[in-house]
Amino acid sequence: MQDMLTIKINGEECFFPKGIIYETIADKYQNDYEGLIGLVRINGKIQELRKVATKNCELSFIDFKSKIGHTTYARTATLLLVKAFHEIIGKEADSLLRVEFTIGNGYYCEKIKKGILTDDIVKKIEDKMKE
């Protein structure tokens, strides 16, 4: 028989098999949240959903509508943009993408060095980010 963990969620003790990923648990509670659940807080420490439950704990969910969730989402999207830019533009283009500062709810990014960003290149970067 599989080892079971006691995970306290919203004040209620729940039982899950040891080794379950937090995303599977979050899926069971998603309908209770307005925004998409993107992180969990395990005994006060923020964890990614892909992490595995290994011991008894107290768990709470963080959705993307919350300040922490939104900040995490924005940071992840920015990293995806930088990675996609470098994969599409490539090192041979001798270009860099610099994330400078925030403007309202967005970021000011600047392409440094050679070349022009065409609509076609921007589309390729967008597609790469969606992979």
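## A bridge between two strands

Met4 has Pro17 of strand β2 as its bridge partner. Strands here are DSSP runs of E, at least two residues long, and helices are runs of H or I, at least four long; both are numbered from the N terminus. Strand β1 covers residues 4–9. β1 and β2 pair in the antiparallel sense, over six bridges. Two strands count as paired if DSSP finds at least two bridges between them.

This is a predicted model: local features need pLDDT of at least 70, side-chain atom pairs count only at pLDDT 80 or more, and totals for chains, interfaces and linings use all residues. Residues are numbered from 1 along each chain as its sequence is written, and side-chain values use heavy atoms, leaving out hydrogens and water.

## The sheet

Strands of a sheet pair through backbone hydrogen bonds, either parallel or antiparallel. This open sheet has five strands, in the order β2-β1-β5-β3-β4, with mixed pairing. Its edge strands are β2 (12–17) and β4 (45–48), and each pairs on one side only.

## Helix α2

Helix α2 spans residues 67–89. The end C-alpha atoms are 33 Å apart, which agrees.

Which residues of α2 are buried? They are Gly69, Thr72, Ala74, Thr78, Ala84, Phe85 and Ile89. Buried means under 20% relative accessible area, with a 1.4 Å probe and protein chains only. Gly90 follows α2, and its phi is positive, near 80°.

Notes:
The expected span of a helix is 1.5 Å times one less than its number of residues. Buried means under 20% relative accessible area, exposed over 50%, partly exposed in between (1.4 Å probe, protein chains only).
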